[in-house]
Amino acid sequence: MDSLIPFTTSGSLVDCVDRKMLVVLRDGRKLQGVLRSYDQFANLVLEDTVERIYHQDVFAEMWRGLYLIRGENVVLLGEIDLDQEDEIPLRQVEWSVLEPYHKQDIANKKRREEVKSQILYEEKGFCKEGGEGDGY
């Protein structure tokens, strides 16, 4: 009977080791790097890591190097298809050019979430949840 239960522990990451991965964190950051190691808590070690930010049809990258990610902060983990990676219709720009727009996008999203949370609290009886860094 146990064999019918899907294998969904961190052990399922074994096939992802030494592959280029995309990791989305709870705070919204998007990291790309080669998965080198993990443990039973899905803590990840990425090598040659870059952080990407996006705005409309452009993106920028910042080198982060070796990156250790605590498993509880991972929202999404997926392999990057190296054959299709360069076919993405986005234009790369310098980080310093895109960062102000990205920060403004984050601030706008935070304001929208605060308004939505307040409406749900006042009109629908929902409790206030989350806190700093708990974007998901």
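Predicted model: local features only at pLDDT ≥ 70, side-chain atom pairs only at ≥ 80, totals over all residues.
**Entry 1**

The model has an open sheet of 6 strands, ordered 5-1-2-3-4-6, and its pairing is mixed. I then looked up the two ends of that order. Strand 5 and strand 6 (91–92) are the edge strands; each has a single partner strand, so one side of each has no neighbour in the sheet. As a reminder to myself, strands of a sheet pair through backbone hydrogen bonds, in either a parallel or an antiparallel sense.

**Entry 1: strand 1 and its two partners**

I took strand 1 next, which covers residues 20–25. Strand 1 pairs with strand 2 (residues 30–38) in the antiparallel sense, over 5 bridges. As a landmark I noted Val 23, whose bridge partner in strand 2 is Leu 31. Strand 1 also pairs with strand 5 (residues 74–79), again antiparallel and over 5 bridges. Here my landmark is Val 24, with Leu 76 as its bridge partner in strand 5.

I also checked the turn between strand 1 and strand 2. The two strands form a hairpin with 4 residues between them, and Gly 28 in this hairpin has a positive phi near 95 degrees.

How many bridges join strand 3 to strand 4? I found 10 bridges, with strand 3 (residues 44–55) and strand 4 (residues 58–69) running antiparallel.

Helix 1 (residues 95–124) lies across strand 3 and strand 4. I noted its direction as about 75 degrees to strand 3.

**Entry 2: Gln 32**

Is Gln 32 buried or exposed? Its relative accessibility is 8%, and the limit for buried is under 20%, so Gln 32 counts as buried. Gln 32 lies in strand 2. I listed its contacts, leaving aside neighbours within four places in sequence. Among them are Lys 20, Met 21 and Leu 22, as well as Asp 48, Thr 49 and Val 50. The list also includes Arg 52, Tyr 54, Ile 80 and Glu 85.

**Entry 3: salt bridges**

The structure holds 10 salt bridges. I looked up three of these pairs.

The side chains of Asp 27 and Arg 29 meet in a salt bridge, 2.8 Å from N to O. Asp 27 is partly exposed at 43% relative accessibility, and Arg 29 is also partly exposed, at 31%.

The side chains of Glu 47 and Arg 36 form another, 2.6 Å from N to O. Glu 47 lies in strand 3 and Arg 36 in strand 2, so this pair ties together parts 11 residues apart in sequence. Glu 47 has a relative accessible area of 29% and is partly exposed; Arg 36, at 37%, counts as partly exposed as well.

The last pair is Glu 113 with Lys 116, where the closest N and O atoms are 3.5 Å apart. Both residues lie in helix 1, 3 residues apart, or about one turn of the helix. Glu 113 is partly exposed at 39% relative accessible area, and Lys 116 counts as partly exposed at 44%.

Notes:
Residues numbered from 1 in each chain as written. Heavy atoms only, no water. Pairing = 2+ DSSP bridges. Contact = heavy atoms within 4.5 Å. Axes fitted to C-alpha atoms, helices over the stretch in contact; angles between N-to-C directions. Buried < 20%, exposed > 50% of the residue type's maximum accessible area, 1.4 Å probe, protein only. Salt bridge = Lys/Arg side-chain N within 4 Å of Asp/Glu carboxyl O.
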